[in-house]
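Me: I'd like to learn how to read a protein model feature by feature. Could you walk me through one?

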Amino acid sequence: MNRFLVAFVTMITLLVASRIYSAVMTPMIAIATSQETDFKAEETAIRPPAMFDQQAMEHFPEVPWTHQAEHAWQIAEAVTLYFREHHRVAGSGNTLQISPIAVLWNDPKRPGSPPYRLVAERAQIKFQNSFFDSAISLTDAQPGRIVWGSLEGNVSIDGPDGLKIQGLNFKFDEEALQLYSDFPIKFQFGPTPQDQRKISGSANQLQLTFLPASESVLGKDMPRIAGLSQILLRRNVVLDTTFAQKGEGHHLRLTSDGSLLYDVIKRECTIDDQIQVVHATNKLGSIFKDTIACEWLRLLFDQQDPKAAENTSLQKSFDGLILNSIQAQGSLAGKGTRLKLTSDDHEMTAVMQDLNYNAVHRRAVLVDQERVIVQRGQTTFECPQIGIQHSVDKSLEYLECRGPGQMEVYEERFGDNPLLARWASKVTVQPDPESKFHIVHVEESAQFSVPDQFGLGCDSLQLWVDINRLQSQNNRPESSGNALAKPLPVKRVRAEGRVRVESALLKVARANLIDAVINPGLIEEKGPASSSSGPESPDSKDKQKSQSPWIVEADQISLDLIHDSGKAAIDFRQIIGQGQVQVQHQPDQPMNVGSQKLEGPIKLSGSNFTAENQGGVHQILTLRGQIDPQGQIQKRASVSLGSANVWGGQITLTRHENRIDIPGSGGMSLPIPQSAASGLSPSKPNSAPHILDIIWGEGMKFDGSAIRFWGKITASLPGEQESISRLLCEELTATLNQKVSFVEPQQRDGSIGIENLVGRHNVVLEAFEYQQTKLSAVHRAEVATFDLNQMTGDFKGSGPGEFHSWTAGDQVRFSPSESPQANQPAKASKANWRYAGVKFAGKIEGNVGRNEAVLSDRVEVITAPVPKPMVKFQRNQLSEKSPEAENAVWMKCQQLRIVRKLIGESKTGMVEAFATGNAELEGHVFHAYADELTYDERRGMFVMRGLGRDATLYHQRQIGEPSRNSSAQVINFNPSKWDISFGGLTGVNGSY
């Protein structure tokens, strides 16, 4: 169904016209060239000798009258003329009529070949001059050249190479420059030793038009014609030919309700009106057909030898012709019947208005006002104009589809929805000068979709395709099925401008460029979690469809992909995203961190990212933000999962090393599990989880077991709406309760949480408590190191360290009221905040859940009312005459144990303190020494004990008065009530 089919039909047509012309003109030329024979009167007719009778019986067995013809002449050495009667046409002196007529001509150039035979009911020949009156004689006559002739009635011509022509009334007219027949004609010839084609056909009328000439080029006394001008088979043209090629039988048939016209001068062949061309091939007993159906067909030819074009010889009119161009059309008005091409072998059908093929430039153009439709198998291609150019060896050089179009592919696996490709402007295909591939360029609003699998949209799309591999795969019966199980014909895909991708696992919501390169290779198993055996089950496919896709946004995305046909799979070697990167994914199942469920989506954002895959579990993901020359982050790279988030200038995940690195400054937010052992109160229903926020200045590393931070670290923990906790240090390590594996992510035992927090170097802990929106307490601690087990609530630290606390609503009294009365509280100070400060030089240990702590080595404690938080009270202020000094206490010891006992289910409680080792107590008007000292806030009672020596208390009513001292092994002292009791020596109770 290519140019060969059309060109072959045309050359057969020209060959038919040439044979008809030669067969009809030959006897006329032979008769006219004999000047030696006299035509005598009928009554003096000469009987032919016996040799003519024998020749007639041998060569005209089916024409009995020739066996004893009244006239038989050896006109020339190779030409014999038989007829029964002859006479002049009445009223003319230059026209002869003979009937019936038979001509036998042996071509001297082909000795041994069958002769040409012509049989007609009668013949007339008109000469230029009148040369007789009543007698018919050419002796000494000068009749001149033949100017008109006819073969009338039934005319039969046959000859070598299977030549047969049958028709009625063939006429030649020099003035009209025509040889024609207005009656049906049939013909056939072939095969020949040089050409195995067998050709037959018919037409309603025949007309050969000649070029005028001033002298005869056919010979002396022949018509003055220079050569053929036109050949016309008028109406109902039928051409049939059979031949063999490469061991296969071929049959070609052309039919036309109109005419076939060949212009010899223009070398142009035109056929019109319901043209049908059928080419049938017998391949191993099966018949495959290629067809053309059109309304108009024109072919232009060139002379292979330019000099041959100057030769006007009749014998050379058809020599050396080569195809120049082909034009075919459907309805000439541009609407109605379309040109149609079909091919059984290629399972192809094409419908269009116009077909143009330039054989010189090897370029074909298919055009339709609405759309050219090409269907091959289950593929349908539609476009207003398609241009194709090929090389001498038939390889594709260029293809162009102009105007909006689409391609649809229907396959059983797609159901009722086809694979679809669309474009708004054009598609071009041309060889890549740097490779063996062809570049397919789709311009303007390119769309490509695979039902329920994949969709792509962009402004411009380029594909690097191996055309030879693509054609070979399409021609194989087993070409359907999983396309990934065969070598891919696509090397590279480049999508530009407003790129969108939709698939079950990936959605590109925004990109200006996606460039993917595909190379063949082997894909390694990624580990136990990803390995599989056997084909996918329907359930797994349904599960995959139900999964949420990864949503990606970036200015540019580059992919280096690897295709493994053995595994029927594609994997990546490298992915690079640049410019405003956003990646989002909604997991099907929430991840548990402690008692909290992270139900939010996974989000990645940054300026660019790189994902590298070296096979197996060797994958590295690097997400980058923007960092200025001074090392400051201008735009963060961040990864989040629900309420968990991590950010920095660069985030690197190394899967095979089970490591995450963030060099430089960054931050992290993590949900903290609620544990009964931690003593933290359970979250209220529907309340937000506790979030640990960590900011660092120099770096972070995660190895699956622990997260380590360096440089100016700030860790804060808002607890519901009533408290905020903060940790500052230079180095922080958060250890998980179990190892997280990036290689085997499903190998977990229960939920994941932070088990232990360790801070080092200049550790500062801060806590802020609120009642609704009003600040109610501030706590601050400074230690050298700090270690908290989040699961058990145990903590420890090393000094030197300090603790400072401010609590709203001061209810603690260390002095009696000015006018004490029974059962009446003392007068409150104007200050409504209680400050407490602790210093120590050794260690601190305790448990958050049990609200207890033990401090050691040079412990000092001071507490006093203050007007507002963050205001400290110093020991030297105890002697001042102020309400704050009257209710202040300072204490010193070697070890101090503090327990805070909650009151009921409330968060408020009373403090109990146990001091040992050289304990010292000082207040506004008292001072004491003991080996052990306890304080019960609920009772307001200090108890001092001596171990081997007495405890001593110095007290006075007010500043400036003489002090009194008391010594005993045990001294019970309530400064708010001025109560003192003694034990161990005297047991005397009293007051001051």
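Reply: Let's take helices, strands, salt bridges, cysteines and the surface in turn. Keep in mind that this is a predicted model.

Me: Let's start with a helix. Which residues of α2 are buried?

Reply: The general idea comes first. An α-helix has 3.6 residues a turn, so residues three or four places apart point the same way. Now the case here: α2 covers residues 50–59, and its buried residues are Phe52, Asp53 and Ala56. Seen down the axis of α2, these buried residues fall within an arc of 100°, so they line one face of the helix.

Me: And what is exposed on the other side of α2?

Reply: There you'll find Ala50, Met51, Gln54 and Glu58, which are exposed.

Me: OK, on to strands. What's the general idea for side chains there?

Reply: In a regular strand the side chains alternate between the two faces of the sheet. For pairing, have a look at β35, residues 569–585.

Me: How many bridges join β34 to β35, and do the two run parallel or antiparallel?

Reply: Nine bridges, and the strands run antiparallel. β34 spans residues 556–564.

Me: Which other strands pair with β35?

Reply: One is β33, residues 550–553, which pairs with β35 in the antiparallel sense over three bridges. Within that pairing, Ile551 has Gln584 of β35 as its bridge partner. Another is β38, residues 602–613, again antiparallel to β35, this time over 10 bridges.

Me: Now electrostatics. How many salt bridges does a search of the whole structure find?

Reply: It finds 36. Take Arg494 and Asp515, whose closest N and O atoms are 2.8 Å apart. This pair links distant parts of the chain: Arg494 is in β29 (residues 490–496) and Asp515 is in β32 (residues 513–520), 21 residues apart. Asp515 is buried, because its relative accessible area is 10% and the cut-off for buried is under 20%.

Me: What is the N to O distance for Arg780 and Glu766?

Reply: The closest N and O atoms of that salt bridge are 2.2 Å apart. Arg780 belongs to β52 (residues 774–789) and Glu766 to β51 (residues 754–771), so the pair ties together parts that are 14 residues apart in sequence. Glu766 counts as buried at 13% relative accessibility, while Arg780 counts as partly exposed at 25%.

Me: Where do Asp931 and Arg949 sit?

Reply: Their side chains meet in a salt bridge at 3.3 Å, N to O. Asp931 is in strand β60 (residues 926–936), and Arg949 is in the loop between β61 (941–945) and β62 (951–955), so this pair ties together parts 18 residues apart in sequence. Asp931 is buried, with a relative accessible area of 12%, and Arg949 is partly exposed at 48% relative accessibility. Salt bridges can also share partners: Arg363, Glu400, Arg402 and Lys426 are joined that way into one network.

Me: What about cysteines: how many disulfides does the search find?

Reply: Zero in the whole structure. Cys729 counts as buried at 2% relative accessibility, and Cys893 counts as buried at 1%.

Me: Last stop, the surface. Which residues form a nonpolar patch there?

Reply: Leu505, Leu506 and Trp550 do, with about 240 Å² of accessible area together. Leu505 is in the loop between β30 (500–503) and β31 (506–510). Leu505 is partly exposed, with a relative accessible area of 39%.

Me: And is Asp416 buried or exposed?

Reply: Exposed, at 74% relative accessibility. Asp416 sits in the loop between β24 (405–409) and β25 (419–423). Its C-alpha atom is separated from that of Pro451 by 9.2 Å, with the two residues 35 apart along the chain.

Conventions:
Residues numbered from 1 in each chain as written. Predicted model: local features only at pLDDT ≥ 70, side-chain atom pairs only at ≥ 80, totals over all residues. Heavy atoms only, no water. Patch = residues over 30% accessible without salt bridge, like charges linked within 9 Å, V, L, I, M, F, W, Y side chains within 5 Å. Areas by Shrake-Rupley, 256 points an atom, 1.4 Å probe, with all protein chains shown as cover. Salt bridge = Lys/Arg side-chain N within 4 Å of Asp/Glu carboxyl O. Helix = DSSP H or I, 4+ residues; strand = E, 2+ residues; numbered from the N terminus. Buried < 20%, exposed > 50% of the residue type's maximum accessible area, 1.4 Å probe, protein only. Pairing = 2+ DSSP bridges. Disulfide = S-S within 2.5 Å. Arc of directions from axis to C-beta.
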